[in-house]
Amino acid sequence: MASGSSISGRSPRQQAIAGFLILTIIVLAPIGLSYYLHPAPDPATGPVHVKILAVNDFHGQLPDGQKLNKEPAGSAPVLASYLKTAMADAGQATTFIALPGDVVGASPPESGLLLDEPTLLFWNSFAGGRSQSAPACNLIATFGNHEFDKGTDELLRKINGGNGVTTVTHLVDPYPGTEVEYISSNVVWKINETPLAAPYVIRDAGGARIAFIGAVTAETPSIQKRVNIEDLAFKNETESINRYIPEIQQKGVHAIVVLLHEGGSQDAYDGPTREEGNVTGRVAGIVAGLDPDVDVVLSGHTHAFTNAYLKNAGGEPVLVTQAYSYSRAFADIDIVIDPLTGEVTHKSAEIVPAYAGRPPGTSPDPETSLLLEKSEGVVEPLTSRVVASASADITRQMTDAGESVIGDLVADGQRAAMHADIAFITTGSLRADITGGNVTWGDLYAVQPFSSSVLSMTLTGDQVRDVLEQQWQTPSPPHNLAVSGLSYTFDDGKPAGSKITEIRVNGTLLDPRATYTAAMVDFLATGGDGYTVFTEGTDPVYGPVDIDALVAYMGSLSEPVDVKAEARITRTA
């Protein structure tokens, strides 16, 4: 792990026993050490050029299989070829790689089945110490909500290194940890309000200094399993970031970059940042409240395009970027700093797609290809098992009512696993399409790479209606619901709470007073994505994990599997 990191390897219970004073020293001392170990550089004689390459929401996407603008894009070897080309083209500019969250989690099997160690080994290759083919580069990351998918203790192991109690095969044994420096201003231990990681880091940019501050979406508790984050609190993003600005300014630093795992969306375009931008989403409100000294926000979480200037609390323009997800693109940011004042005098960006069929993607990085081959070799005995065959592609492409063929399939599988009347899934859990032809275990794992438990509960008819209406609540859930065993019609013109005009369960009109067994994963059952009505369900019965339910269901269907859109969700004109 990079020097200066403040993440402790202790578990929350051990920290409680150690006491407030010891934990405070452990957590906060490296913040000061980071400054003293990286003292102010000698001022440059001219403008200081800085290059930042930002990759958000990587999600362990080592293999190929993703598309952008209908072209094959991404994979670690292809992305590495683009990043190394950009680094080589940076000339004398100091280069940083920034990862605004969800570096790991919800990953395909080549990374996810190995606890995402291969992904962190991939990023280590850019640190300089592990690779002779890549020039040394500063790596900085913040937490995303998915970094917590396997709990805080496992997150700290991934960062600090060691095999712990894991039973997976380690490509490097013992697992060395990450050389990426994690920062976060708004994730704190509940027991004493001390930060999980250093809130910020100050780096030498070759004659000037630049500060990076991290923050994850404050909505993490509503989109993460409670057991995984029970010892942590997630503070307001704007307030947490602003809290550390005066401290940074007192050290003479005025070039400030935020790594923010929260985002929005914008109409995509090619080329450098344009003055006019139609950015929507939470990121816009967060930026509007930021200190006037904040220059750049590298956003993520919404897997969308963003390249715009938004005003901060002082009315100053902040460069805001986001480069899709799953290794398909990166933000190439150029910054110029005045060495005398420390202020940023220029900032612009370009969102660069990592197309596999265009140079430099046509020459995948050899070192990264070797890492991927090793990972594939370890998981291949499991992932290559053919489960079924499909007559055509089964995709996440949604109708105008928000329904997809693969969403219907996954919901059907969970309903069958629990012998339930109906089933619900959140569409955000669908992470890959199924290609026509032979369908392997690995293909199905990639669809739902969460290892969530499937369960059933009892809901009343009124509760079924209420949970469907929650799709239009304020704030709106990040994802809508796919369903099985029921169909419904909604009218967007009606007010929230009254949009559902008809619900049928297996062809029969819903009875508000009747009870129905409903299948779902444990994430939804605990109110995940804001669907809190599920917490009112009774008589929970636990079944298989999600991948096992989907594998069993696919294997039970007649081959080749022929899944067609059923219009379970209808939108009235």
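D412 and R568 are both buried, where buried means under 20% relative accessible area, exposed over 50%, and partly exposed in between (1.4 Å probe, protein chains only). The two residues form a salt bridge, with their closest N and O atoms 2.8 Å apart. A salt bridge is a side-chain nitrogen of Lys or Arg within 4 Å of a carboxyl oxygen of Asp or Glu. D412 sits in helix α12 (residues 405-418), and R568 sits in the loop between α16 (546-556) and β29 (569-571), so the pair ties together parts that are 156 residues apart in sequence. Elsewhere, salt bridges that share partners join E117, E154, R157 and K158 into one network. The search of the whole structure finds 21 salt bridges.

The model is predicted: local features need pLDDT of at least 70, side-chain atom pairs count only at pLDDT 80 or more, and totals for chains, interfaces and linings use all residues. Residues are numbered from 1 along each chain as its sequence is written, and side-chain values use heavy atoms, with hydrogens and water left out.

R282 takes part in two of the salt bridges described here. One is with E237, at 2.7 Å from N to O. This pair links distant parts of the chain, with R282 in helix α10 (residues 282-288) and E237 in helix α8 (residues 237-243), 45 residues apart. Helices (H or I, at least four residues) and strands (E, at least two) are DSSP runs, numbered from the N terminus. The other bridge joins R282 to E262, also at 2.7 Å from N to O. R282 is partly exposed, because its relative accessibility is 31%. E237 counts as buried because its relative accessible area is 1%. E262 is buried too, at 3% relative accessibility.

S452 lies in the loop between α13 (441-447) and β22 (453-460). This serine is buried, with a relative accessible area of 7%. Neighbours within four places in sequence aside, S452 is in contact (heavy atoms within 4.5 Å) with K225, V521, D522, P544, V545 and D546.

Helix α14 (residues 461-469) has G461, Q463, V464, V467, L468 and E469 as its buried residues. Their cover includes the strands β20 (422-426), β22, β23 (481-484), β24 (486-490), β25 (500-505) and β27 (515-521). An α-helix has 3.6 residues a turn, so residues three or four places apart point the same way.

The protein chain as a whole holds 16 helices and 29 strands. Its C-alpha atoms fill a box of roughly 75 × 55 × 45 Å along the principal axes. Of the 573 residues, 58% are buried. Among contacts between residues at least 6 apart in sequence, 75% join residues at least 24 apart.

The accessible surface comes to about 22,100 Å², and 51% of it belongs to carbon and sulfur atoms. Accessible areas come from the Shrake-Rupley method with a 1.4 Å probe; for residues, only the protein chains shown count as cover.
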